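Reader: Can you walk me through this one? Keep it plain.

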Amino acid sequence: MSTGLVDQSRQVASENQNTDYFKVNQQFSNIIEMMKMKKTMSVLSYNLILHDLMNPGNAFKELSPEVKKLSQKDRSEVIGLYKQKLLTRSVLTPVDSGKYGLYELVVSMGYDEINLNKKLSVYRIDNSDFINVEYLSANPLLSAFVVNTLSEEFINSYSTNVSSNQNKSISVLDSLVKKKEAAMNAKNSELKNYKINNGVLNLDKQSEIIYKQITDYEERKSQALREIQSNMGAIADLNRKLNGKDKSYLGSAPVAENTAIVSLNNQLKTASNHYVDNGFKPSDKKKIDSLQALLAVQMNKVSDNYVNDPGASKQSLIQQKNTMEIAVSMAQSSLKSIDGELNQLKAKYNTMVPFDAGVQNYERDADVATKEYMDALNRFNQTNVEKSIGLKLQIAQIGLPGPPEPSKKIIYMALSGIASLSFCLLVVVSVFLLDHTINNSKQLAALKIGQVIGNINLINEKDKDPRVIWSNSDEITDYVLFKDLMRSLRFEISKMLQLDAGSKILGITSIKPGEGKTFLTSTLAYAFAMTGKKVLLIGDDYTNREASDSKALVTSQYFENFLQKKEIKTEDLITFLNKNSSSKSLLEIQNSTALKAGFDYLKDKFDLILIDVDSLRSVNKAKEWLSFTDHSLAVFEAGQSINDSDKEFLTYIRKQDGFIGWVLNKVKVKELSQRDQA
């Protein structure tokens, strides 16, 4: 199928030619997922089952037993039901079983969504504009029917949905455009009415003109003030000259001419004031000009008639003074007029400020409304364009039956073998990584909790009597190995005891009960007895036996009784004292001094004292017994692991004075290395 998403030949020139690859990939993903949706696959299922039901002779597959059971009448009704569902494009679910089991019939033919998706592939070909649809089946006609029907039905459904969505969008946008247009017209009408009601035509232009006029008048006022100040200074200088001491020219002054000049000056001053008060009319200006001309003529006449008149100089100064006084009067009069005009202009400008704020508010609202209208209109037009030239899916190449695929039996068998081998290796590696059990002395030594002084193999036989083990020659292999390992352990213990003179008491404990320390203690006592040593074994839970020889274990005496009477019946080589079986602690039987004295007495009677100490989990009893031993060792059962709760016990026994190391018990023969056996 071609989509037109990246095909430039299917896009108009006005469209943006810069491709957003992320958006394009997202669109392709959406199309592919929509093709695999239940409603699309249900339409394909309906077409497939209808084809086989309506054309049983040309069915793609052999009809299932469920379909064959249908009578002709039932088949006709089933076809009608499937057509109805195809027409309404209903999703096929297990709930749609009904009277004839519509869902079960589709499943029985393998036309349901799950079975179809197993062999159906929908993907984009590299970065092209095409979506490829493939289906693998035993019937090439079925494969072609599936891909063609799926593509056609999806294109029809997709086009209908897109058109419906675009029509809804256009309808919504059309309503939005009309609302925005009405809002824009209302805001523009409010702006127009506000201008009309307040007599505002072009507020910006009007305010600009008035502001310019204010600036001009302020400049004229400044010029008048400068003129007044300069003339006033000149008049002051003339007054100083006229009021000087030299008065010789005053007696010869032409009185009549001076009187005329004074009269003309007064008329000129009056005309100037009238010119200013009348608002600078041209007719008043002509009158001033005429008076100034007459004054000039009169002044010239005086100069011509009285050249040698000593008062001519004074008259000239007076004339200058009068001229400057007239100029000062005119400037002062003009200041009043300028101030009046400035006040009027400023008042008019101030009245325009609130109008300007109101106009700006209305113009801003009108601009916003216009922008919103234009945005909505652009979206409306864009949606119309997209509807006309938008995404148009079409089949570029119909599905055709393809050749059969080569057999992959060998590949599948090879992959199966590799997968099985990988799984086995994974299981083995997982078991190895998750296995924290300790099975040999190397693993125990790697924990760095103390020296490993020996290994004892596992005895599988039920009879574990030390007499039986030591009396057996070479008949049972486990017994032979056991005796060799016990001899090695005996040697290591003897070497440790010889390093500390006077050390005769050895305590044997374990982390938890059931690790074989009791059996090990008894067999160790028998091993030392074999060397001719007199051994005292203090322990509990030993079975009474009648001695058949000098090395038999006797269990009729109790340690508590010995502490009270300080009497003990010694046997030939091995003497046994039963510990108190009650829950009392050792210090509750006798105090520490009496206990020490009792152990000193026993050390004089025996060459070696072995104590079967309680496990470290009974920490209160174990600590008491170990406090009276010279040396101690711990038994660890092979195949066990150490958890967090045991680490406290390990720390305690490792720091115990006289602790000589660990004995790994119940070791399987295959775990024993040549070094362990030695």
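Author: What follows covers the cores, the sheet, a helix pair and one serine. This is a predicted model, where local features need pLDDT of at least 70, side-chain atom pairs count only at pLDDT 80 or more, and totals for chains, interfaces and linings use all residues. Residues are numbered from 1 along each chain as its sequence is written, and side-chain values use heavy atoms, with hydrogens and water left out.

Reader: How many residues are in the largest nonpolar core?

Author: The largest nonpolar core has 43 residues. A nonpolar core here is a set of buried Ala, Val, Leu, Ile, Met, Phe, Trp, Tyr and Cys residues joined through side-chain atoms within 4.5 Å; buried means under 20% relative accessible area, exposed over 50%, partly exposed in between, with a 1.4 Å probe and protein chains only. L48, V78, Y82, Y111 and L120 have the most contacts inside this core.

Reader: Which elements give two or more residues to it?

Author: Those are α1 (21-35), α2 (38-54), α4 (72-88), α5 (102-108), β1 (120-124), β2 (131-135) and α7 (140-197). Helices (H or I, at least four residues) and strands (E, at least two) are DSSP runs, numbered from the N terminus. A second, separate core has 36 residues, including I511, I568, F606 and L626.

Reader: And S143, buried or exposed?

Author: S143 counts as buried because its relative accessibility is 12%. S143 belongs to helix α7, and its C-alpha atom is 9.4 Å from that of F60, 83 residues apart along the chain.

Reader: Switching to the sheet. What is the strand order?

Author: The order is β3-β10-β9-β4-β8-β5-β7-β6, an open sheet of 8 strands with parallel pairing. Two strands pair if DSSP finds at least two bridges between them. β3 (452-457) and β6 (557-558) are the edge strands, each pairing on one side only. Between β3 and β10 (residues 659-667) there are 4 bridges, and N457 stands opposite V667 in β10.

Reader: At what angle do α15 and α16 pack?

Author: About 75 degrees, with the axes of α15 and helix α16 (residues 517-529) 10 Å apart. Axes are lines fitted to C-alpha atoms, for helices over the stretch in contact (heavy atoms within 4.5 Å), and angles run from 0 to 180 degrees between N-to-C directions. α15 is therefore roughly perpendicular to α16, a label for angles of 65 to 115 degrees; under 35 degrees is roughly parallel, over 145 roughly antiparallel and the rest oblique.

Reader: Which residues make the contact?

Author: From α15, F482, M486, L489, R490, I493 and S494; from α16, F519, L520, T523, L524, A527 and F528.
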